Amino acid sequence: MSEIQALREQMCVTERYAYFDHAAVAPLPSPSSEAIALYAREAAEMGDADWPKWGRKVSDLRECAANLLDVTTNEIALVNSTTQGINLVAEGMPWNNGDNVLIPENEFPSNMVAWQNLKRRGVEVRRVPVAHNGAITAATFRPFLDDRTRVISLSWVGYSTGYRADVGSIVELAHAHHGKNGPVLVCLDAIQGLGAFPLNVRDLDLDFVCADGHKWMLGPEGAGLFYIKSKHLDLLQPLGLGWNSLAASGFQPFRGGELKGALKQNASRYEGGATNISGMHGLGASLELLLDIGVNSEPSTTQRCILDNVASLERKLSKVKLKAHLPVEEEHRSGIVGITWPEAEQDETLLIKARNFLLENRIVTSVRGGRLRISTHAYNNEEELERLVQTLVEFRS
């Protein structure tokens, strides 16, 4: 049995739907739903008597996350969303009045609002124009850099265009540009690629990475990852502090009637209070499953299957005169493909109707950016792709 077939057998969603909405919210694999259910059962039957075991599972997740990104566990914080991670950077940076941050103009709101909120601190947000096809390169940012630029923040994969940026060249540009505050730092929203494509953070020399687990990592909502390069730990103002931010273990910080001790000297200082145990257990099971099939290897099994699915879908759509919107170059493709046709380009309500018709036929998609958005994972197969295309043909007839 192939690794991908083994993954497919863990995706019980396939018994009911052809699921092409991983860029929104992914279905849970069986081991993940079972991990969540086990926690709920143990919590109901035993209260916190098994808390040490639950804590070990959370530590296992931190190990998985570090392996996924090829970083150390000390550089990983477990967060409840991509937004939380971005805000840790945006609010934690030691800004000076007149500093600026660069973001592409087509970013998802999570990577806009956190930065725009810094206006009150005298920070300028420069929204960088992006090509019509969604292409983002180092050249996209170069004209907007100056000696007051502190951060470039971007999505690895565009949520509507599916364009997968060459992160390495952007980091190289940023770190080579020295302003009044030193090299420009890069914050990557990786939610639309992590779990589908390998991301070697150490080789890319990224400064910060944020991603919730509920898309391509096949985890539950409210459980995600934040990476901070170890040398930046003291750069960011610690935020969201609580008892779980302290270096002392167990209940040591509480002795004497007040909190005592220094902050943890690792990224987990940002975790602050109680952990979303059920969510983290679910995400841990999902990452174990993906790591077992080589999601972070080069070449990646998941990457190859996803790109094969995308190429197959493009061919099938061409044969029935439906337009596929996706990057020409394979190295910039992701699992996201936009679909339009002449009538829908004139009347976008047809996209919603098409999405609903597909759902009635047990095919799950989304509408984003004026297109029907298809987001295929590695376990989707040819039969499902063919069903998708033929159901769209039926809708148009």
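Colleague: Is P29 buried or exposed in this predicted model?
Modeller: P29 lies in the loop between β1 (18-19) and α2 (30-46). Strands here are DSSP E runs of at least two residues, and helices are H or I runs of at least four, numbered from the N terminus. Buried means under 20% relative accessible area, exposed over 50%, partly exposed in between (1.4 Å probe, protein chains only). P29 has 0% relative accessibility, so P29 counts as buried.

Colleague: What do the numbering and the model type require of a reader?
Modeller: Residues are numbered from 1 along each chain as its sequence is written. The model is predicted, so local features need pLDDT of at least 70, side-chain atom pairs count only at pLDDT 80 or more, and totals for chains, interfaces and linings use all residues.

Colleague: Which residues is P29 in contact with, leaving aside its neighbours within four places in sequence?
Modeller: Contact means heavy atoms within 4.5 Å. On that rule, P29 is in contact with Q10, M11, L218, S286 and L289.

Colleague: Why does R333 count as buried?
Modeller: R333 is found in the loop between β11 (323-325) and β12 (336-340). Leaving aside neighbours within four places in sequence, its contacts include G162, R164, F197 and E314. R333 is buried because its relative accessible area is 11%.

Colleague: Which residues have the most contacts inside the largest nonpolar core?
Modeller: A nonpolar core is a set of buried Ala, Val, Leu, Ile, Met, Phe, Trp, Tyr and Cys residues joined through side-chain atoms within 4.5 Å. The largest one has 69 residues. Its largest share, eight residues, comes from helix α3 (residues 51-69). The residues with the most contacts inside this core are L194 and L199.

Colleague: How many residues are in the second, separate core?
Modeller: This core includes L88, V101, F226 and L236. Its total is 26 residues.

Colleague: What is the radius of gyration of the protein chain?
Modeller: The radius is taken over C-alpha atoms, and the globule rule is 2.2 Å times the number of residues to the power 0.38. With 397 residues, a compact globule would therefore be near 21 Å. The chain agrees with that, at 22 Å.

Colleague: What share of the 397 residues in the protein chain is buried?
Modeller: The protein chain has 13 helices and 15 strands. Among contacts between residues at least 6 apart in sequence, 70% join residues at least 24 apart. Buried residues make up 54%.

Notes:
Heavy atoms only, no water.
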